Amino acid sequence: MTFRCLLCAHPTGKRVLTKGALQLWRCRSCHFVQQHPLPEALEYDGRYEDAGSYGMQQLPHKHLFLQRDVTVVRDLLRRGARGPLLDVGAGAGILLEAALSQGLTAIGLELAKPSVEHIQTTLGCAVHACAIEQAPLAPGSVGVVTFSHSLEHLLDPVGALRAAARLLPEGGFVHVAVPNWRAAKRHVAGKGIPWIFPEHISYFTPRSLAAAFERAGLDVVAMRTLPMVCDADYRFAITTMERFGLDRPVRRFLKLGDRRLDVLLGNDLQLACPMWRLRAVVATVRLLLRCWPERLFCWLGWAEELRATARVRCHPASSQVSGRGG
Ligand SMILES: [Zn+2]
């Protein structure tokens, strides 16, 4: 399969990362980083339809995600956004719940059927099991389209943003959250960082996300980077230790044998060593994580999560559309 940039359609790229069977390539023209080869469309759909639920692992920490998403919705409202809010890749429905709590009508798109049922039973709002390009919604009929950690999953991110622009009126809002390829944490943890995995097709930077908006006819109104993890990021600590071979002495200290440090994050942890050793390791890691200057990296644009808000520049069918809602 020949390379083709998902952003600028340039036909040549260079491999920048291999992780198991996954390969990431960088476009030689616009430097966009994406999977290559891309999964076939059928295999791609199957990942989500057969995955069971999607995003449900967030539910035990729902209050943190809900708080984050309420902030996002309030920020959009302050900027003049109106409903309905359409969330693409609604997962467990937390962003939809945030929209409802702020008085907006909320609509979800989600391919994983159990997640669709979960949203319908718990929130009672409309959810369609389809891609945004096939959403049964009239042009100009929604006020906000959100892609909260879903745009990087799509085979045609620019096409999805264009579809979002078609569903919005002129001046309508798009909000996107994706992992930041430029993140300092990725540079330190390397390819072991948890968000480099087969479901993630695209790896955006502030510049490439702005370019994607531009191609979709959207003007960026806000772009910033933020910490992705609210609590101590043990997974980052483990990945970094493994990258530099520091996991071996820790595993020996905790008498883990051949087991990887990941087992420490599991629920049914059984250790052969005294508990004080685990407490000592956790305290040391927490202390080191506290020294990690993610706040500084936010300011530099190197934090782990990239968030951007954009507005529809000129609606292609604005003269024929008067549909509004909310
Ligand atoms: Zn390109």
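Modeller: We take the strands and their neighbours, then the domains. Keep in mind that this is a predicted model.

Biologist: What makes β4 and β5 a pair?

Modeller: A pair needs at least two bridges between the strands. Strand β4 (residues 85-88) is joined to β5 by 4 bridges, so the two count as paired. They run parallel. One of the partners is leucine 109 in β5, the bridge partner of valine 88.

Biologist: Which way does the chain cross from β4 to β5?

Modeller: The path goes through helix α3 (residues 94-101), and this β-α-β crossover is right-handed. With the strands pointing away from the viewer, right-handed means a clockwise path from the first strand over the helix to the second.

Biologist: How do you know that β5 also pairs with β6?

Modeller: By the bridge count again. Between β5 and strand β6 (residues 126-128) there are 3 bridges, and the cut-off is at least two, so they pair. These strands run parallel. Glycine 108 stands opposite valine 127 in β6. The chain gets from β5 to β6 through helix α4 (residues 113-123), in a right-handed β-α-β crossover.

Biologist: Why are both faces of strand β5 called covered?

Modeller: Side chains in a regular strand alternate between the two faces of the sheet. In β5 (residues 106-109), Ala106 and Gly108 lie on one side, Ile107 and Leu109 on the other, and all are buried. Buried requires 20 or more other C-beta atoms within 10 Å.

Biologist: What makes domain 2 and domain 3 touch?

Modeller: Contact requires C-beta atoms within 7 Å. By that test, 7 residues of domain 2 are in contact with 6 residues of domain 3. The domain 2 side divides into 4 nonpolar, 2 polar and 1 charged. The domain centres are 33 Å apart.

Notes. Residues numbered from 1 in each chain as written. Predicted model: local features only at pLDDT ≥ 70, side-chain atom pairs only at ≥ 80, totals over all residues. Domains from an automatic or database assignment. Contact = placed C-beta atoms within 7 Å. Nonpolar A, V, L, I, M, F, W, Y, C, P; charged D, E, K, R; others polar. Buried ≥ 20, exposed ≤ 12 C-beta atoms within 10 Å, placed from the backbone.
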